[in-house]
Amino acid sequence: MSVKILHCADIHLDSVFSFLSPSAAQCRREDLRSAFSKCVALAKEKDADIFIISGDLFDSENVSRDTAEFVRKKLAQISDKEVYICAGNHDPFKTSSYLSVMNFGENVHIFSGETECIKREEYDIYGVSFTEPYARKSFLEGFKAENPDKLNIMVMHGDFTSNDYNLITKTQLENCGIDYMALGHVHTHEVIKAGRCTAVYPGCPEGRGFDETGQKGAVYAEVSKSGVKLEFVPVSRRKLHETVIDVTEAENSEEITNMLKGSIKDENDLYKFVLKGETDIKISGDVLKDNLNAFFVKIYDRTEPKKDLEKFAEEFSLKGLFVKKVLSEIENGGDEELIKLALKIGLDAMNGR
């Protein structure tokens with residue numbers, strides 16, 4: 001006997017997107033709604049028994065009524081499935097929050113700040129919510145599933161690295177008696193196995209910043225006592241990319257523009273370019289962006305001016321003596337790449353970098 005689960009987390013509906021223009025920010029908020037809609041559609045397509053949202057459904061406690069109503073209507077589309085939601089650190093479960101006061105449907109159970117167990121014939125499902133933006137006591141401290149012989153699932157928001165957000169340890173996972181731990185908080189898809197427990201972060205379904213690059217989605221899981229089968233399913237409308245480009249060999253701005261154009265694979269995506277290398281070309285991020293077609297482009301100029309090493313070597317100074325010595329090492333057949341790296345580090349140090 002197995003239970004089929006569609007698991008998502010960290011949708012962050014109503015995110016502000018402060019780095020975008022008002023119109024672009026609104027477009028991205030619609031992208032988040034689209035990603036959530038795709039997750040709901042996946043639950044139907046995969047014929048899942050359970051739909052899980054492991055926290056941070058909303059980006060803050062100040063979610064709009066319209067957005068809460070949007071979620072209610074979407075969940076009504078899967079009224080034949082069990083839906084389990086826990087609150088995360090961004091949308092904590094409080095008496096005034098929509099997660100607390102709004103009826104999202106008879107099939108929807110939202111966990112409170114106390115660990116609960118919902119008993120079904122096929123499984124027991126546990127869950128607990130954040131009630132504040134921080135949870136400095138581990139929810140798994142002293143926890144043990146009531147019936148280890150039954151299929152046990154848990155819904156929770158938490159972190160393996162920070163004491164501020166419900167710290168989880170592998171030892172706790174090994175001893176908790178849970179078969180499938182449906183986690184949220186980490187925005188990258190990750191799977192952690194400890195003993196019989198498989199803990200899964202689906203990651204966010206739509207990246208929001210350049211620390212959330214690449215493909216994003218949800219997880220479809222088939223859970224049984226014999227093991228867990230997982231499938232990551234992409235749902236994001238746009239991807240975020242961060243690319244470092246060395247412009248040392250470029251002879252003019254047009255060549256730099258062509259380098260950037262070559263890195264844009266999808267005009268619907270968001271791009272962050274970091275320019276590095278040595279160049280005397282005057283770089284204007286705004287001018288370069290005007291020649292690029294993408295939903296959003298940000299350019300960081302981390303280049304350095306080209307160094308006239310022969311001129312430096314003629315100086316009667318510590319810097320001149322250093323450059324002269326290093327150039328002689330190249331002339332004597334040394335490792336040119338390694339010596340040039342040493343030269344850069346040395347000159348940067350002399351210049352206070």
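Here is a short tour, stop by stop.

This is a predicted model, so local features need pLDDT of at least 70 and side-chain atom pairs count only at pLDDT 80 or more, while totals for chains, interfaces and linings use all residues. Residues are numbered from 1 along each chain as its sequence is written, and side-chain values use heavy atoms, with hydrogens and water left out.

**Stop 1: helix H1.** Select residues 22-45, which make up helix H1 (helices are DSSP runs of H or I with at least four residues, strands are E runs with at least two, and both are numbered from the N terminus). Now pick Arg 33 in that helix. Is Arg 33 buried or exposed? Its relative accessibility is 16%, so Arg 33 counts as buried (buried is under 20% relative accessible area, exposed over 50%, partly exposed in between, with a 1.4 Å probe and protein chains only). Show Thr 67 too: its side chain and that of Arg 33 are joined by a polar contact of 3.1 Å (a pair of N or O atoms within 3.5 Å; within protein, one must be able to donate a hydrogen and the other to accept it, and residues adjacent in sequence count only if both atoms are side-chain atoms). Leaving aside neighbours within four places in sequence, Arg 33 is in contact with Leu 13, Asp 66, Thr 67 and Phe 70 (contact means heavy atoms within 4.5 Å).

**Stop 2: helix H5.** Go to residues 253-263, helix H5, and colour its buried residues: Ile 256, Thr 257 and Leu 260. Look down the helix axis: these residues fall within an arc of 100°, so they line one face of H5 (the arc is that of the directions from the helix axis to the C-beta atoms). An α-helix has 3.6 residues a turn, so residues three or four places apart point the same way. Next, show what covers those buried residues, including strand E13 (240-246) and helix H6 (285-290). At the start of H5, find Asn 252: one of its side-chain oxygens reaches to within 3.2 Å of the backbone nitrogen of Glu 254.

**Stop 3: helix H9.** Select Leu 343, which lies in helix H9. At 5% relative accessibility, Leu 343 counts as buried.
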